[in-house]
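Subject: Structure handover

Hello,

Here is the structure I promised to pass on. Please open it next to this email and follow along.

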Amino acid sequence: MSWIEKRENCRCWIACWKQGNRKVRRSTGIRIEAGAAGRHARALAEQTAAAMETASTGETPAHKACDAVRKVAELHGCAGRIPTVREYFADFPRTAGESTERNRTRAFNLFLEYLGAGADRRIDTITPAICREFVRHELRRVARGTVVHFRVFISAVFKRAVEVDDYLSKNQFAGVDMAAEARAMMPERGRDKQKRLPFTLEEIHFMIQSFPAPWNDMVAVSFYLGGLRLSDVCMLRWDAVNWREGYIRLVEVKTRKERYLPILPQLKEVLMQRLTQSTGGEEYVFPEMAHYYMGSSKTSISTQFTALLRAHGMITGTVNAGKAKGDRHAVSAKSFHSIRHTVATYLRGGMTGTALFSPDAIRDFFVK
């Protein structure tokens with residue numbers, strides 16, 4: 001026999017019933033009210049709970065069994081309307097940084113496109129099976145790591161529907177096992193990850209000595225600052241340089257983590273040379289690259305560096321060249337990010353056989 005319960009911070013009555021040896025809980029979608037309206041709402045919630053228990057036998061999907069009861073409740077003003085998938089995704093708070101929101105929007109759009117007309121159904125009609133099929137669909141198209149990001153963004157929406165708005169009783173994406181789905185779909189690809197290679201120390205030295213400006217100095221700045229990302233090199237400001245105390249203070253573009261990085265003698269020489277060659281009054285150490293990064297040419301900066309590597313014979317092909325399927329990108333074997341890989345490998349002792357720092361210290365420094 002079904003019954004209804006209140007849960008802390010929930011806006012709707014919760015339907016409960018016994019199914020074998022376990023207790024099942026589902027949101028009825030009928031709001032908890034006070035007074036006469038509350039008594040009416042409670043009666044409707046009990047009817048909904050009974051319908052949901054009947055549906056749990058498997059003869060009819062629960063959301064269909066409850067539709068009729070919910071419609072009556074809505075007519076009496078006792079039930080809040082459950083939004084469609086499209087509506088709920090559109091209302092999801094956008095509070096992250098520009099890059100994260102851009103990636104989140106991409107994930108949302110892909111999910112809505114996959115659902116097609118189903119995106120205009122109520123959000124509580126989405127099943128775990130639909131979520132798994134979406135993940136499998138994307139695994140055929142892009143790399144596993146990319147799909148992991150999609151899942152994180154979309155799962156957060158369903159989590160909010162459970163914990164904040166009480167439209168769902170569980171996160172439908174929570175049970176999707178990415179590793180299991182990847183193995184089931186593409187067992188021949190293993191982790192389905194395209195790795196970049198580090199530069200050798202000789203290659204780093206060659207780039208600092210032989211690459212045209214400003215790339216030679218950008219490589220030096222990145223290397224002497226512990227593998228600084230390309231975005232942080234482009235946006236490095238002169239006011240971040242504390243000459244007297246001998247450090248650079250910056251906030252990483254990607255992680256927003258504050259860093260205090262020592263100015264090594266080799267780095268000081270590079271910076272002083274750039275300072276003496278500048279026209280004066282410049283805000284950024286690499287003003288032209290900062291202009292590119294803040295403008296519409298942001299993505300072309302990395303491409304310029306890759307072209308230099310090819311021109312000097314430092315790369316000749318791509319990682320997994322010819323094996324990128326679907327919309328996977330065949331990435332270059334080495335890129336500017338490989339400088340970061342080089343520093344991490346060097347500090348771990350991968351080039352000299354002697355680790356310079358503990359694994360924990362290195363992990364903390366290169367935290368993503």
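Predicted model: local features only at pLDDT ≥ 70, side-chain atom pairs only at ≥ 80, totals over all residues.

Residues are numbered from 1 along each chain as its sequence is written, and side-chain values use heavy atoms, with hydrogens and water left out.

Start with helix 5, residues 128-139. Helices (H or I, at least four residues) and strands (E, at least two) are DSSP runs, numbered from the N terminus. The 12 residues of helix 5 should span 16 Å at 1.5 Å a residue, and its end C-alpha atoms are 17 Å apart, which agrees. That expected span is 1.5 Å times one less than the number of residues.

Which residues of helix 5 are buried? They are Cys131, Phe134, Val135, Glu138 and Leu139. They cover an arc of only 135° around the axis, which puts them on the same side of helix 5. The arc is taken from the directions from the helix axis to the C-beta atoms. Buried means under 20% relative accessible area, exposed over 50%, and partly exposed in between (1.4 Å probe, protein chains only). Cover for these buried residues includes helix 4, helix 6 and helix 7. Contact here means heavy atoms within 4.5 Å.

Helix 13 (residues 298-311) buries Ile301, Phe305, Thr306, Leu308 and Leu309. These fall within an arc of 155°, so they line one face of the helix. Thr299, Thr303 and Ala311 are exposed on the other side. Just after helix 13, Gly313 has a positive phi of about 70°.

Now the charges. The whole structure has 18 salt bridges. Each is a side-chain nitrogen of Lys or Arg within 4 Å of a carboxyl oxygen of Asp or Glu. In one of them, Glu181 pairs with Arg136, with the closest N and O atoms 2.4 Å apart. Glu181 lies in helix 7 and Arg136 in helix 5, so the pair ties together parts 45 residues apart in sequence. Glu181 is buried, at 7% relative accessible area. Arg136 is partly exposed, at 26%. Elsewhere, Glu5, Lys23 and Arg25 are linked in a network of salt bridges.

Last, the surface. Trp243, Met272 and Leu275 make a nonpolar patch of about 240 Å². Such patches join nonpolar side chains (Val, Leu, Ile, Met, Phe, Trp, Tyr) within 5 Å, or like charges within 9 Å, from residues with over 30% relative accessible area and no salt bridge. Areas come from the Shrake-Rupley method with a 1.4 Å probe.

Best wishes
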